[in-house]
Structures are given as structure tokens and as C-alpha cells.
Amino acid sequence: MCIDGVEAIVMKNYVGGLWGFVGIGLLTIPVVVAAGASDKPVTGDTVIRESQEVVTATKDYTSQQKDAFQRKVQTELDEMQVRNTQLRGQVNHASAEARAEIQKAIRELEKKKDLANKKVDAIHSATASSWERVNSKTAAAMDDLRDSLTQALSHLPSR
């Protein structure tokens with residue numbers, strides 16, 4: 001039996017349609033099983049309500065993550081500001097050559113601290129979808145700031 005081009009296309013569409021029905025049937029099995037596990041019937045209102053609860057829980061979780069991360073970063077920034085102030089106080093005890101290097105390192109540290117503060121401010125406006133990106137950029141800015149502080153401290157004279 002030979003199938004010409006039109007019959008082949010019709011057959012392809014028919015088989016594709018069958019696979020579509022099979023796929024839809026397979027996707028509904030978990031819903032039917034879940035519905036059968038409960039004494040209450042699953043309605044559209046139930047699905048909408050439960051979906052809204054999931055969205056609310058996700059937003060609450062993201063908000064808690066943002067708040068905790070912001071507090072942690074702000075605490076570290078405050079500690080770094082204290083160390084930066086101490087570093088400025090120790091500049092006078094360094095040689096003229098070291099003093100120039102320390103002052104340069106302090107300027108660089110200030111720039112990076114300002115950038116980190118901007119990243120912390122971005123945490124406030126981060127949405128659930130942008131949270132991961134904001135989190136990673138803030139963490140990277142803090143890593144860079146820590147490295148700059150270590151570099152600045154390395155210019156201090158040994159005691």
C-alpha cells in the first residue's frame with residue numbers, strides 16, 4: 001500500500017493529534033489522583049486560592065531572605081567603616097611612602113564601600129524575580145570590598 005504526499009500529511013496530523021491527547025491525559029493523571037486523595041472536590045476556586053497562597057508564601061519567604069541578607073551586609077559594612085576609621089588613624093604612623101599607598105588604598109576602599117552601599121539599597125527594590133541577581137551582585141561587591149580592606153591593611157607597618 002503506497003501513501004501519497006497528502007495522505008502522509010493527514011496521517012501525520014492524525015498521529016500527532018493522538019499523541020496530544022495522550023500527553024494531556026498523562027498530565028491530568030496527577031490532578032485526578034490528587035483530587036481522589038481528598039474527600040473534597042477540586043474546583044477552580046480551590047486551585048486559584050491554593051495558587052494565591054503559594055505566591056504569597058513565596059513572596060514572604062523572599063522578603064525574609066532579603067531582610068536577613070540586608071541586615072547581615074549592613075552589619076558588615078558598619079564593621080568595615082569602623083576598620084576604615086582605624087586605618088585612617090594609623091596613616092600617621094606610617095612612613096611617607098607607605099602613607100601614600102595607604103591613602104590610595106583608603107580612597108579605593110571608599111569607592112568600593114559606596115558601590116556596596118548602592119547594592120544594599122538595591123535590595124530594598126528587588127522583586128522576587130530579580131532577587132537572585134541582586135543577591136549575587138551585592139555579594140560580589142562585598143567580596144571586592146573585603147579584598148580592598150585586606151589590601152589596605154597590608155600597607156600598614158607591622159607592630
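The questions and answers below concern a predicted model of one protein chain.

Me: How many helices and how many strands are in the protein chain?
Reply: From the N terminus on, the elements run α-α-α-α. The chain has 159 residues, of which 23% count as buried. The count for the protein chain is 4 helices and 0 strands.

Me: What share of the contacts with a separation of 6 or more is made by residues 24 or more positions apart?
Reply: The buried residues of α2 have a cover that includes α3 and α4. For α4, the cover includes α2 and α3. Among contacts in the protein chain with a separation of 6 or more, the share from residues 24 or more positions apart is 72%.

Me: How far apart are the end C-alpha atoms of α3?
Reply: Helix α3 covers residues 96–125, which makes 30 residues. At 1.5 Å a residue the helix should span 44 Å. The value in the model agrees with this: 45 Å.

Me: What is the distance between the end C-alpha atoms of α4?
Reply: The 24 residues of α4 should span 34 Å at 1.5 Å a residue. The end C-alpha atoms agree with this, being apart by 34 Å.

Me: Which element gives the most residues to the largest nonpolar core?
Reply: The core has 24 residues, and V73, L77, L87, I102, A116, M142 and L145 touch the most other members. Two or more residues come from each of α2, α3 and α4. The greatest contribution, 8 residues, is from α3.

Me: Are α2 and α4 roughly parallel or roughly antiparallel?
Reply: The axes of α2 and α4 are 11 Å apart and the helices pack at an angle of about 15 degrees. The contact includes F69, V73, E76 and L87 of α2, and W131, M142, L145 and L153 of α4. The crossing is left-handed. Angles under 35 degrees count as roughly parallel, so α2 and α4 are roughly parallel.

Me: Are α3 and α4 roughly parallel or roughly antiparallel?
Reply: The axes of α3 and α4 come within 9 Å and cross at roughly 160 degrees. Among the residues making the contact are A105, L109, A116 and I123 of α3, with W131, V134, L145 and A152 of α4. The crossing of α3 past α4 is left-handed. Angles over 145 degrees count as roughly antiparallel, so α3 and α4 are roughly antiparallel.

Me: Is E76 buried or exposed?
Reply: E76 lies in helix α2. Leaving aside neighbours within four places in sequence, E76 is in contact with M142 and R146. Buried means under 20% relative accessible area. E76 has 16%, so E76 is buried.

Me: Which residues does N84 touch, not counting those up to four places away in sequence?
Reply: N84 sits in helix α2. With 1% relative accessibility, N84 counts as buried. Beyond its sequence neighbours, N84 touches I106, L109 and E110.

Me: With which residues is L87 in contact, leaving aside neighbours within four places in sequence?
Reply: L87 is one of the buried residues of α2. L87 is also among the members of the largest nonpolar core that touch the most other members. The contacts of L87 outside its sequence neighbourhood are I102, I106, L109, A152, L153 and L156.

Me: What separates the C-alpha atoms of N117 and L77?
Reply: N117 is in helix α3. At 26% relative accessibility, N117 counts as partly exposed. L77 is among the buried residues of α2. N117 and L77 are 40 residues apart along the chain, and their C-alpha atoms are separated by 8.0 Å.

Terms used
Residues are numbered from 1 along each chain as its sequence is written. This is a predicted model: local features need pLDDT of at least 70, side-chain atom pairs count only at pLDDT 80 or more; totals for chains, interfaces and linings use all residues. Side-chain values use heavy atoms; hydrogens and water are left out. The expected span of a helix is 1.5 Å times one less than its number of residues. A nonpolar core is a set of buried Ala, Val, Leu, Ile, Met, Phe, Trp, Tyr and Cys residues joined through side-chain atoms within 4.5 Å. Buried means under 20% relative accessible area, exposed over 50%, partly exposed in between (1.4 Å probe, protein chains only). Contact means heavy atoms within 4.5 Å. Axes are lines fitted to C-alpha atoms, for helices over the stretch in contact, and angles run from 0 to 180 degrees between N-to-C directions. Angles under 35 degrees count as roughly parallel, over 145 as roughly antiparallel, 65 to 115 as roughly perpendicular and the rest as oblique. A crossing is left-handed if the near helix is turned anticlockwise from the far one by less than a right angle, and right-handed if clockwise.
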